[in-house]
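Reader: I would like to learn how to read a helix in a model. Please show me the structure first.

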Amino acid sequence: MAAGQVIYTLWLREMKWLIRAKSRLVASVVQPFLWLAIIGVGMSSTVQIPGSSISYLQFMAPGIVGMTLIFSSTMAGVSVLWDKQFGFMKEILVAPVSRTQIMLGKAIGGMTTSILQGLLLLVAAAAVGVRPPSVLALLQVLVFMVLISLTFVSIGLAFASRMEDPVAFPIVMNFLIMPLYFLSGALYQVQLAPGWLSFLAHLDPLMYGVDGIRGAILGSSYAQYPIWLDFAVIGVFSVAMILLGGYLFKKIKA
Amino acid sequence: METRYAIQAHGLTKKFGNLTAVNRVNLEIEDGEIFGLLGPNGAGKTTLIHMLSTILPSTKGVARVAGSDVHKDPDGVRKAIGIVFQEPSLDNRLTGRENLDFHGRMYGLAKCQREERIKKVLEIVGLKDRADVLVQNYSGGMKRRLEMARGLMHRPKILFLDEPTLGLDPQTRRVIWDHIRVLNEVEKVTIILTTHYIEEADYLCGRVAIIDHGKIVALDKPDALKNRLKGDVVSIKISNPEKYLGIFRKSKLVKGAKIVDGTLHLQVSSGEQAIPKLIDIANKRGGQVHTVSLSRPTLEDVFIHYTGRAIREEAASNQSRMRRIATAHGMR
């Protein structure tokens, strides 16, 4: 009960910021939308997905949803660094609440923001003709969105608990996110990539997330793995990452 | 249940690497006091209250705060204390009311309790009219007052104020002092503040501990500390002061004499009565007294007496820089 109130309090604070900075939410989906509307449409006239009837745009759209999620989720950790910067973290840490509750509050706040961005992207994708065929498929997409978000929010918080500088944070995180995004198969078919690339891609949690969303929207024949396998792998990743984040958060310093 | 002591600390020590920031401090503070920790920057005041408020673990020693042990029951301590940090710690993007509401929720207050407390604490610090303004539009003094109000939200038994008026202009400082007194009376909360402003400790505190190099070197009521210096200082401007230095030293009235910038400084027990007699002595020896002034010892004199130096920022700046480096290393 008390834990719930703490988590809700931290979440509520993030939501107040979000509502007061709506432009931030909208601006954050402009870039992925450009990927869809320009790169997606442009590439569709040049590239064909071998042995299938879907366009490159359709193939890529689930990847761009994944991209939106990985970037916005990881960057959610920056709120911890601003709290440190402005001294507010001291106010949070001196309260009689556990660090785990604080971490969960921050995580759920970050996930809400990033899933909202993912949903905006889903709407944008629908506008260019890529949409889940059924309610069940939409629910599957949402489950994968939550798991991707949970995994990368936790990674972001784990890093943020150890860092100080809110300006350096996005730069450092980009080192991690860019390779994970490129390896995820968001933009190409992993099964057709050379062995070494395919191997690296299989270490990337986002690959399973993107594959799951792709399977749900385009049908299982366009996914590399069955949906339950994608679900299981990214599920394990997300649990592992939130445990890691929670562990590192216990040692956080204001 | 009543705890007679707000704070009981014994042998409290904090080391950062080789540097001992707080050195075997013993401290007893009673319920309801306004207690001051007076010392230059880097003396260990902040480290001491960070240990008492469970923010920093101590290297050695024990402390009970509001009846709870800081090591064994940190959450018990946290519930019983409020703290206003030296550095700002408000969320500028929320309103004053929202900052207070956040605090109330984090401390588990129900909705009706929060509303009642917010109203009350805003009244105490005089911020009722500005409650719904974003904190980024507050002045420095208003932010300070809001932080004090926030510290009171959960009805703490003890409120720690770390340099409550640092960086504020003199008028604002006065206002804050008056608010501190009011909240001590109205909320019956024990107040422990650190300061390096002599006047602040003198004006506000029932008892003052002078802390230097991590040690408490003197602890008493401000007046008692001043009385320990045994009396007043009569400053006499006189031609050829060296000659009269020896003469006055022989007098029974004078407990100590020295020349500071060509002026004779004589320590006597009660200045008003001593002045005519001292002038008499000088006149008899053919001395020409130009001016006489009387000064009572200030807390600053007490500070100089116990630490051997004035409480100036630059005197400590080197040391505090060292401490900051040591802190940084200790935290890695």
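Author: Start with terms. Helices (H or I, at least four residues) and strands (E, at least two) are DSSP runs, numbered from the N terminus. The expected span of a helix is 1.5 Å times one less than its number of residues. This is a predicted model: local features need pLDDT of at least 70, side-chain atom pairs count only at pLDDT 80 or more, and totals for chains, interfaces and linings use all residues. Residues are numbered from 1 along each chain as its sequence is written, while chains are lettered from A and ligands numbered from 1 in the order in which they are written.

Reader: How many residues has helix α4 of chain B, and how far does it reach?

Author: Helix α4(B) covers residues 111-124, 14 residues in total. From first C-alpha to last it reaches 20 Å, close to the 20 Å expected. Gly126(B) follows α4(B), with a positive phi near 65 degrees.

Reader: Which residues of α4(B) are buried?

Author: A residue is buried if 20 or more other C-beta atoms lie within 10 Å of its own, exposed if 12 or fewer, and partly exposed in between; C-beta atoms are placed from the backbone. Here they are Arg114(B), Arg117(B), Ile118(B), Val121(B) and Leu122(B). They lie on the same side of α4(B), because their arc around the axis is only 125 degrees. That arc is taken over the directions from the helix axis to the C-beta atoms.
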